[in-house]
Amino acid sequence: QVRLEESGGGLVQPGGSLKLSCIVSGGDFGRKVMGWYRQAPGEERDLVASIGPQGGTYYRDLMKGRVTISRDDAKNTVYLQMNALDTGDTGVYYCKMGSTTSIVGGPHYWGQGTQVTVTS
């Protein structure tokens with residue numbers, strides 16, 4: 001059974017930073033593409049960034065330049081460092097395990113999400 005558990009969300013002021021973590025059990029983590037998605041209130045869930053099993057990264061324009069995705073295969077964990085946050089970044093952030101080659105399509109698993117609220 002595959003389980004993804006996010007943490008690190010919370011309340012932050014504009015301009016602040018947060019680092020999200022996602023610990024994965026099961027699912028052969030080291031061979032899978034991992035990703036972070038954001039779902040703002042009333043909007044669809046959008047890809048923020050993904051990282052492949054060899055460490056190659058992809059960033060959507062959504063938060064490009066303000067986030068860094070990384071992974072630690074020894075800890076079965078993927079991270080999302082977020083900087084220069086603004087109110088538009090408020091939402092639920094989800095961790096996703098994709099296939100061995102892609103974050104979209106094919107078998108995948110989601111975490112339960114972690115809330116990030118940016119407010120003064």
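**Aromatic rings and their neighbours**

Student: Tyrosine 94: buried or exposed?
Tutor: Buried, as its relative accessible area is 12%. Buried means under 20%, exposed over 50%, and partly exposed in between (1.4 Å probe, protein chains only). This is a predicted model, where local features need pLDDT of at least 70, side-chain atom pairs need 80 or more, and totals for chains, interfaces and linings use all residues. Residues count from 1 along each chain as its sequence is written, and side-chain values use heavy atoms, without hydrogens or water.

Student: How many aromatic pairs does the structure hold?
Tutor: It holds 2. In one, the rings of tyrosine 37 and tryptophan 110 have centres 4.8 Å apart and planes at 70°, so they're edge-to-face. Rings of Phe, Tyr and Trp (its six-membered ring) pair if their centres lie within 6.5 Å; planes under 30 degrees apart are stacked, over 60 edge-to-face, the rest tilted.

Student: Where do tyrosine 37 and tryptophan 110 sit in the chain?
Tutor: Tyrosine 37 is in strand S4 and tryptophan 110 in strand S10, 73 residues apart. Strands are DSSP runs of E, at least two residues, numbered from the N terminus. Tyrosine 37 is buried at 7%, while tryptophan 110 is partly exposed at 32%.

Student: What about tyrosine 94 and tryptophan 110?
Tutor: They're edge-to-face too: 6.2 Å between centres, 85° between planes. Tyr37, Tyr94 and Trp110 form one aromatic cluster.

Student: New topic: which ring does arginine 71 sit over?
Tutor: Phenylalanine 29, with the charged end 4.7 Å from the ring centre. That counts if CZ of Arg or NZ of Lys is within 6 Å of the centre and within 35 degrees of the ring normal. Lysine 19 lies over tyrosine 79, at 4.6 Å.

Definitions and conventions:
Helices (H or I, at least four residues) and strands (E, at least two) are DSSP runs, numbered from the N terminus.
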